[in-house]
Every structure is written in structure tokens, then in C-alpha cells.
Amino acid sequence: MLQFMHKHAKYFYVFFFLVIISFIFLYVGPLDQNQSPVVAEVGKEKIPLDEYWRAYDRFRNFYKEMYKEKFDKKMEEQLNLKQKVLETLIEERILRIEAEKLGLKVSDRELQEAIMSDPAFKRDGVFRRDVYLQTLRINRLTPGYYESMKRQELLVGKMSALIGESVVLTDDDLKGLKGDELYFNAIRDAMLKDKQQKLIRSYVETLKRSINVKVNTELIS
């Protein structure tokens, strides 16, 4: 299992990044006046420790569900889960800062459509405002705060899409790829996302040179 994960580690990271954004904002904890210690600073943006641990717990549970009893401390260390969570949160902040610099925006309509299409706020396939408000209350979120965070999440998505839209798969990329249509398409899509993510990460690393990033790793050791 661990050999398989090492061989396909790039696809795990791609999936990890694509999924984590959808969890970051719904589980941010106490609002507005967050007094949690800061695990990282990205420019003027801060990543509170409670946000980090919520993201970490979410993905640790994800892997436990995926691998069942095979997921243990050794596998967690092989995945370097703690560091990946931190890197992803920092990456998200950098992309958001750059998106704002470029003047990218999320319209009220885009925000509304994103919220109304979220399965967490639906019952029998239909968006329900009472479910929406109840879910926010359970997570100690006000609608205004959640919608602000959701807008930022969508902004990061726009920035990532803007960077990745120039990526294409060449014939050399697909050479030797065999299997039925379903398998072929799945691997092709994974390869495309991998190339897009590599470009995004390269872009982020370039941006880091002009953005002051401070990390307190002792808080998560």
C-alpha cells in the first residue's frame, strides 16, 4: 500500500489540494476575533492554529475512512500530512492575495449559486434556507462571515483556474496509457490536474519571493 502511495503520490497531492479548499472555511471555528495562536503569517494574512488543526483533523479522518485499519501513524508520516496541510493553507492564502492584486472578483450571483448548490444545505435535492442557517449556527458561523469566506474560497478557485487553463496534455504525456475508456479518461484527467497543480505550485513559489511568509512549526510538531 505504501509503495503504491509513493508511486502515485503526485495524484494524492492533487486531490488533497482540490478538496481541502472546500473544507477550510466551513470549519474555521470562533469568528471575527480569533484569539488562537498563529501558526503562519502570509503577508498580512494570518493562519490561526485552530483553523490549521480543523483542516488537519478533517483530512486525517478522510484518510482513515479511505484506508480503514491500514491508516496508522506510519502511513500518516509517509504522507507527511501535517506539513501538507500547512503548505496547502499557505498556498491558498498566496493565491488569494494574488487574485485580489489582479482584480479578480466573485459576483453576488456566483456566490449565491455556490451556496445554493452545496449539498450540505440541501434536503431532497433542494436548497433550504433553514438548513443553511442551522448548519452555520452549529459551526458557530454568522451568514455574513461564512459568505465572506465562501467568496474568498471561490476567488482562490478562479485564480487556480486562471493559472491552470493554459495547461494541455501532449501526445508524449499520453504515450503508453492503455485501458478502457473509463479508465483512460480517469487517468488522463488525473494527469491533467497534476500538470495544472505543478504549474500552480511553481507560480506560488515564485510569488513567495515577494511575500513575507513566517511559519511557527513548533506549534504543530
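**Notebook: helix packing and aromatic pairs**

I find α8 and α10 roughly perpendicular to each other. I note that the model is a predicted one.

**Entry 1: α8 and α10.** I looked up the geometry behind that description. The axes of α8 (residues 143-164) and α10 (residues 181-208) cross at roughly 105 degrees and come within 9 Å. Since angles from 65 to 115 degrees count as roughly perpendicular, I keep that label. I then listed the residues on each side. From α8, Met-159, Ser-160, Ile-163 and Gly-164 take part, and they meet Gln-196, Leu-199, Ile-200 and Tyr-203 of α10.

**Entry 2: α7.** I turned to the helix of residues 129-138 and asked which of its residues are buried. They include Val-131, Tyr-132, Thr-135 and Leu-136. I viewed the helix down its axis: the buried residues of α7 fall within an arc of 135 degrees, so they line one face of the helix. On the other side of α7, I recorded Arg-129, Arg-137 and Ile-138 as exposed. Against what do the buried residues of α7 pack? I found α6 (108-116), β3 (122-123), β4 (126-127) and α8 as their partners. I also checked the backbone after this helix: Arg-140, which follows α7, has a positive phi, near 60 degrees.

**Entry 3: aromatic pairs.** I searched the whole structure and found eleven aromatic pairs. I examined two that share Phe-121.

In the pair of Phe-121 with Tyr-132, the ring centres are 4.9 Å apart and the planes stand at 85 degrees, so I class the pair as edge-to-face. Phe-121 sits in the loop between α6 and β3, and Tyr-132 in helix α7; the two are eleven residues apart, and the pair links distant parts of the chain. I recorded both Phe-121 and Tyr-132 as buried.

In the pair of Phe-121 with Tyr-146, I read 5.9 Å between the ring centres and 90 degrees between the planes, so this pair is edge-to-face. Tyr-146 belongs to helix α8 and Phe-121 to the loop between α6 and β3, so the pair ties together parts 25 residues apart in sequence. Phe-121 and Tyr-146 are both buried.

**Entry 4: a ring cluster.** Which residues do ring pairs link into a cluster? I noted Phe-59, Phe-62, Tyr-63, Tyr-67 and Phe-71.

**Entry 5: cross-reference.** I return to Tyr-132 of α7: this residue is on the list of buried residues of the helix, and its ring is paired with that of Phe-121.

Notes. Residues are numbered from 1 along each chain as its sequence is written. This is a predicted model: local features need pLDDT of at least 70, side-chain atom pairs count only at pLDDT 80 or more; totals for chains, interfaces and linings use all residues. Side-chain values use heavy atoms; hydrogens and water are left out. Axes are lines fitted to C-alpha atoms, for helices over the stretch in contact, and angles run from 0 to 180 degrees between N-to-C directions. Helices (H or I, at least four residues) and strands (E, at least two) are DSSP runs, numbered from the N terminus. Angles under 35 degrees count as roughly parallel, over 145 as roughly antiparallel, 65 to 115 as roughly perpendicular and the rest as oblique. Contact means heavy atoms within 4.5 Å. Buried means under 20% relative accessible area, exposed over 50%, partly exposed in between (1.4 Å probe, protein chains only). The arc is that of the directions from the helix axis to the C-beta atoms. Rings of Phe, Tyr and Trp (its six-membered ring) pair if their centres lie within 6.5 Å; planes under 30 degrees apart count as stacked, over 60 as edge-to-face and the rest as tilted.
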